[in-house]
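Me: I am new to this structure and would like to go through its side-chain contacts. Could you guide me?

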Amino acid sequence: RDLRLHDNPLYAASRLDGREDARVIPAYCFDPALFARRLAVADARWDAAATGPFAARFLLEAVEDLRGALRALGTDLWVAHADPASFLPSLVGVLLAHPAAAVEVRWGEEAGTEEARAARRVLRALDRLPGAERLVVRA
């Protein structure tokens, strides 16, 4: 969830590659699983979402700030409310449909079991794409 540009290693790496023909397509995916109700083990009164209302508001504001910063640089942010293992491979699949396109996917690693599980799901989905042999994935 690196949502700032000024100290974002992914953004810095994309700018430092120096390829004039390279295009960066920033994307952020709100995973519905992070906002879904999670059942408490003992008592339904303790059911809660992984991302509560205050964290959700902060996240929305951070994504909107990132979108504004990217627009100021002449690009935009693709935002989706979808399962990342579906949305990101769909986006990458469109890019891979162009035979000459070399596609590189980068994302920031996050600590945590759920985040690692989500990253593995996205990687497996990317590996199944037609043209995946032309895909470079960097975390």
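**Side-chain contacts**

Reply: Two aromatic pairs turn up in a search of the whole structure. Rings of Phe, Tyr and Trp (its six-membered ring) pair if their centres lie within 6.5 Å; planes under 30 degrees apart count as stacked, over 60 as edge-to-face and the rest as tilted. This is a predicted model, in which local features need pLDDT of at least 70 and side-chain atom pairs count only at pLDDT 80 or more, while totals for chains, interfaces and linings use all residues. Residues are numbered from 1 along each chain as its sequence is written, and side-chain values use heavy atoms, with hydrogens and water left out.

Me: What kind of aromatic pair do Tyr28 and Phe30 form?

Reply: The pair of Tyr28 and Phe30 is edge-to-face, with 4.9 Å centre to centre and 75° between the planes. Phe30 also pairs with Phe35; that pair is tilted, at 6.3 Å centre to centre and 55° between the planes.

Me: Is Phe30 buried or exposed?

Reply: Phe30 counts as buried because its relative accessible area is 10%. The term buried means under 20% relative accessible area, exposed over 50%, and partly exposed in between (1.4 Å probe, protein chains only). Tyr28 is buried too, at 11% relative accessibility, whereas Phe35 is partly exposed at 30%.

Me: New topic: how many salt bridges does the structure hold?

Reply: The structure holds three salt bridges. A salt bridge is a side-chain nitrogen of Lys or Arg within 4 Å of a carboxyl oxygen of Asp or Glu.

Me: Which residues are linked in a network of salt bridges?

Reply: The network links Arg67, Arg71 and Asp76. Asp76 meets Arg67 at 3.4 Å, N to O, and the closest N and O atoms of Asp76 and Arg71 are 3.1 Å apart.

Me: And which residue does Asp83 form a salt bridge with?

Reply: Asp83 forms a salt bridge with Arg121, and their closest N and O atoms are 2.6 Å apart. Asp83 lies in the loop between strand S4 (78-81) and helix H3 (84-96), and Arg121 in helix H4, so the pair ties together parts that are 38 residues apart in sequence. Helices (H or I, at least four residues) and strands (E, at least two) are DSSP runs, numbered from the N terminus.

Me: Where does Arg120 lie?

Reply: Arg120 lies in helix H4, which spans residues 113-127. Arg120 counts as partly exposed because its relative accessibility is 45%.
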